[in-house]
Amino acid sequence: MPPQTRRMAFPKVVIERDTDSEQSSSEEEEEEEELEEPEVLVESENEEKVEEAKKKGKAPITISLKKVCKVCKKPGHEAGFKGATYIDCPMKPCFLCKMPGHTTVTCPHRVATEYGVIPATHKNTRNALGYVFKRQIRPRIPPIKPAYVIPDQVSCAVIRYHSRRVTCLEFHPTNNNILLSGDKKGQLGVWDFRKVYEKVVYGNVHSCILNNMKFSPASDGTVYAASSDGTVSSTDVETGIALSLMNLNPDGWRGPSTWRMLYGMDINAEKGAVLVADNFGFLYLVDTRSNDRTGKPILIHKKGSKVVGLHCNPVQPDLLLSCGNDHFARIWDIRRIEAGSSIYDLAHSRVVNSAYFSPVSGSKILTTSQDNRLCIWDSIFGNMNSPSREIVHSHDFNRYLTPFRAEWDPKDSSESLAVIGRYISENYNGAALHPIDFIDISTGQLVAEIMDPNITTISPVNKLHPRDDVLASGSSRSLFIWRPKEKSEPVEQKDEGKIVVCGRDEKKRRHRKFGGESDDSDDDKSIRKGKRFKSQSKSHSKSSLSVKVRR
C-alpha cells in the first residue's frame with residue numbers, strides 16, 4: 001500500500017508562556033554576551049588598526065577565521081545538519097549505520113529500515129525450555145498479526161508545559177485520560193488530556209531530574225519516582241504530597257565521586273518491592289509496606305557505571321532485566337541475585353539506553369543501544385549469545401536530549417510493534433522535522449512515520465496507551481497526544497478559542513509556587529524552534545499533518 005498523507009488543522013492546545021511580546025531570557029543572555037565581548041581585530045581586514053595599537057604600546061587580540069569540522073575539529077570540510085540533511089564527516093564512517101564506504105544520505109538503511117534484517121525463523125527445537133515455551137506461552141500469541149492501529153493525528157497538546165525538558169511519561173492505570181510526566185527539574189505533571197486545560201505541576205517532589213516513575217500496584221492514586229537527587233519518592237497524585245522512601249545522599253553534595261543518582265526503576269508486585277539502580281552499578285530494594293530500604297545494595301553492572309533501565313518480567317516477575325552504560329543488558333533471578341550471578345549477559349557495542357521484556361508473553365527482549373541499533377531476542381529460552389535481529393535506526397544523539405527508548409505497544413498481542421522517536425530529521429515541505437517511527441520488529445519494516453509541521457523539536461520520549469489507541473509524546477517542554485484520525489474524539493472546550501494563552505499573572509503565581517525558577521528550556525535549539533510555533537499556530541488553519549503508512 002503506497003504511503004498516505006493525511007491533512008487537517010492543528011488541534012486545541014494550551015500554551016504556557018508570557019505575552020507574545022515578551023523577550024525570552026535566552027535572547028537576553030545572548031545580548032549580554034555580545035556586550036561583554038572584548039574588541040578583537042581580524043588580521044585580514046584591520047591591518048591599520050593593528051599598527052595603531054602597536055604604536056600605542058597595546059598588544060592587540062588577533063583571531064584567524066577558519067572553518068573547522070564540528071565532528072573531528074579539523075579544517076577543510078564541514079559536517080553536521082544543514083537544514084534537514086545530515087552531512088557526514090569524511091574522517092568518520094556513516095553516522096546512521098556506523099559502517100564505512102558511504103554517507104548517511106546514501107545509506108541503504110535510510111531508504112529501507114528492513115535492509116539486512118533476517119526475518120524470524122520457525123525451526124523446531126529439542127530444547128526442553130523451548131518445548132515448555134511452545135506449550136505454555138506460545139498459545140497466548142495469535143498466529144496471525146492483527147491490523148496495526150497507528151495514532152497519526154495530534155488531538156491536543158500543552159505547549160511549554162514543563163520548565164525543563166520532559167524525561168518520562170506514564171499513563172494512569174485506571175483513568176484513561178490522565179497522563180503523568182516528569183522533567184529535568186524534578187517536577188511531576190498531572191494532565192487530563194480529555195479536558196486539556198485541567199493540569200497541575202508539583203514542584204516539591206524532587207530537586208533534579210525525574211528519571212523514572214511507576215504507579216503503585218496497590219493504589220492507583222500513588223506513584224513512585226526515582227530521581228538524580230538520589231531519592232525514591234511516593235507521591236499522592238491528587239494532593240501532590242510526597243513521601244521520601246530512600247535518600248542515598250543524606251549529607252548533601254560532597255562532590256561527583258560520592259553523589260549517587262537513581263535512574264532505572266520498576267516495581268515487583270509479588271514481593272511488594274520497588275527496585276531502583278544508581279550511577280555506580282548498584283541495585284536497591286525498597287519495601288512498599290514499611291517504606292524503607294531492605295537488604296544491602298547489590299552490584300549488578302560494572303562498578304562505577306550507570307544502570308539506566310530495570311524491567312521485571314510481566315509473566316515471571318522474579319526475572320529482572322537491567323541495562324547500563326557498561327554496554328550490557330543482563331537478566332537476573334531476583335530470588336538469588338548477587339554480584340556476578342546474572343543468567344544472561346547480552347553484549348552491545350555501545351551504551352544501552354533501554355531494555356524491555358515483551359508485554360504479553362514476556363519471552364522476547366527489545367533493547368535500544370547508542371550505536372543506532374534496535375536488538376531483538378525472539379525467545380529467552382533459545383540462543384541468547386547474539387540477537388535474533390538488529391534493526392538500524394537513527395537515535396544516536398548529542399547532549400541536551402533525553403535518551404531515545406524503543407517501547408512495545410502493550411495492546412499488540414502479536415508482540416511485534418514498537419515505537420521510537422527519530423534523531424535525524426526529514427525534509428517535509430522545506431521544514432526539518434523529526435518523525436516518530438512505528439517499527440515491526442519481527443521484520444524490521446517501518447510501519448509508519450508520523451510527524452506534524454507544528455512540531456519542529458525532537459520527540460525522544462514516547463508512550464503508547466495500555467488500553468486506548470493513544471500515543472503521548474514529549475518534545476522539549478511540551479506534551480502531545482496523538483490519536484488515529486478515524487477514532488479522533490473532540491476534547492472538551494473551556495472556551496471557543498483554539499489556543500488558550502496563560503497570561504503573565506498566572507505565570508507569576510506559578511513562579512511563586514515553584515520557587516521562581518527560570519522557565520527556559522535547556523534543550524539544544526528548543527528556544528529557537530519554539531519561536532516558530534508562535535507564527536505557525538496563528539496560521540493553524542493552513543497547517544497540515546503528515547503520516548506515512550506502509551503496509
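The model is predicted, with local features needing pLDDT of at least 70 and side-chain atom pairs counting only at pLDDT 80 or more, while totals for chains, interfaces and linings use all residues. Residues are numbered from 1 along each chain as its sequence is written, and side-chain values use heavy atoms, with hydrogens and water left out.

Start with the record. An unreviewed UniProt entry lists "repeat: WD" for residues 159-194 and 345-378. UniProt positions follow the numbering used here, feature names are shortened, and annotations may be inferred rather than shown by experiment. Residues 159-194 are 0% helix and 50% strand. Their end C-alpha atoms are 16 Å apart. Residues 345-378 are 0% helix and 56% strand, with the end C-alpha atoms 16 Å apart. Helices (H or I, at least four residues) and strands (E, at least two) are DSSP runs, numbered from the N terminus.

Now the sheet. Strands of a sheet pair through backbone hydrogen bonds, either parallel or antiparallel. Here, 4 strands form an open, antiparallel sheet in the order 19-20-21-22; two strands pair if DSSP finds at least two bridges between them. Strand 19 (307-312) and strand 22 (344-347) are the edges, each with a single partner strand, so one side of each lacks a neighbour in the sheet. Strand 21 (residues 328-333) pairs with strand 22 in the antiparallel sense over 4 bridges. R330 stands opposite D345 in strand 22. R330 also lies over the face of F328, at 4.5 Å from the ring centre. A charge sits over a ring if NZ of Lys or CZ of Arg is within 6 Å of the ring centre and within 35 degrees of the ring normal.

Next, the aromatic pairs. Rings of Phe, Tyr and Trp (its six-membered ring) pair if their centres lie within 6.5 Å; planes under 30 degrees apart count as stacked, over 60 as edge-to-face and the rest as tilted. The count is 8 aromatic pairs. F95 and Y423 have ring centres 6.2 Å apart and planes at 50 degrees, so this pair is tilted. The two residues are 328 residues apart. Both F95 and Y423 are buried (under 20% relative accessible area; exposed is over 50%, partly exposed in between; 1.4 Å probe, protein chains only). Ring pairs link F81, Y86, F95 and Y423 into a cluster. The charged end of K98 sits over the F95 ring, 4.5 Å from its centre.
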